[in-house]
Amino acid sequence: MSDFKSTFHPALVVSNIKTHIYVTLEMENVHYATWAELFKICCRSHRVIHHIIPLAAGKGKELKTDDKKEFLETLDATVLSWIYATISSNLLHTIMEPDSTSIEAWNRLRDIFQDNNNSRAVTLEQEFSTTDMEDFPNASAYCQRLKVLSDQLKNVGSPVTNNRLVLQLVVGLIDANSGVGTLIRQSNPLPLFYQARSMFILEEAGFTKKVATVSNSVMIANDTTTNFEPIQ
């Protein structure tokens, strides 16, 4: 019989879990759905998904030896360490308990975020509805913030439609982009968010270039006037 302890397992060769799970789960950022999806993908690709999502009844393999039990405990400790390594310090102290299994830690995180969905949705809705471009350095940052808030609302069970996202984009505009805003409002159907975003960024780039050209012309005119000496 082969030595079960020497069996290769892909989960045991992961040296840095953060190269697979790119976000750190925090209480404030409402990225639980994104984090959870990345974590499940990683677990599936490394054949340890059953450590956070139980197998259907009758599909689990019965443990027959102490070696197999020890090996599965090693895998579970590995998955648990992945969870702890990809959450914030505050969450770590909140969910950590002695002798926890990975599925217990997973379920505690799920309960924390899903139990607070309604209150999070109210806060996010308020911020989404009051986001204005004047609070951001450029159109790209403004659009990105709206998209992030939209994604966060989706994560807490309050998805934002494309039309609402585009209209909110227009509502929060400053005067420099009012021309594009009018064009979008008159569109039927409304453009996709990414199309509207491109329109705003191009408009802003054109406006910035125009301002720079005018400023340069004024500077040249001033220099010419200053250096001009009338002939006596």
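Guide: Helices (H or I, at least four residues) and strands (E, at least two) are DSSP runs, numbered from the N terminus. Asp76, for instance, lies in helix H2. This is a predicted model, where local features need pLDDT of at least 70 and side-chain atom pairs count only at pLDDT 80 or more, while totals for chains, interfaces and linings use all residues. Residues are numbered from 1 along each chain as its sequence is written, and side-chain values use heavy atoms, with hydrogens and water left out.

Visitor: Why is Phe39 called buried?
Guide: Buried means under 20% relative accessible area, exposed over 50%, and partly exposed in between (1.4 Å probe, protein chains only). Phe39 has a relative accessible area of 0%, so it is buried. Trp82 has 4% relative accessibility, so Trp82 counts as buried too.

Visitor: What makes the pair of Phe39 and Trp82 edge-to-face?
Guide: Rings of Phe, Tyr and Trp (its six-membered ring) pair if their centres lie within 6.5 Å; planes under 30 degrees apart count as stacked, over 60 as edge-to-face and the rest as tilted. The centres of these two rings are 6.4 Å apart and the planes stand at 70°, so the pair is edge-to-face. Phe39 lies in helix H1 and Trp82 in helix H2, so the pair ties together parts that are 43 residues apart in sequence.

Visitor: What makes Tyr32 and Phe113 a stacked pair?
Guide: Their rings are 5.2 Å centre to centre, with 10° between the planes, and planes under 30 degrees apart count as stacked. Tyr32 is in helix H1 and Phe113 in helix H4, 81 residues apart. Both Tyr32 and Phe113 are buried. Along with Trp35, Phe39, Trp82 and Trp106, they form one aromatic cluster.

Visitor: Which residues touch the most other members of the largest nonpolar core?
Guide: A nonpolar core is a set of buried Ala, Val, Leu, Ile, Met, Phe, Trp, Tyr and Cys residues joined through side-chain atoms within 4.5 Å. The largest one has 30 residues, and Trp35, Phe39, Trp82, Ile83 and Leu109 touch the most other members.

Visitor: How do you know that Asp76 has no salt bridge?
Guide: A salt bridge is a side-chain nitrogen of Lys or Arg within 4 Å of a carboxyl oxygen of Asp or Glu. Lys and Arg count as positive and Asp and Glu as negative; His and the chain ends are not counted. For buried Asp76, the nearest side chain of opposite charge, Arg108, is 10 Å away.
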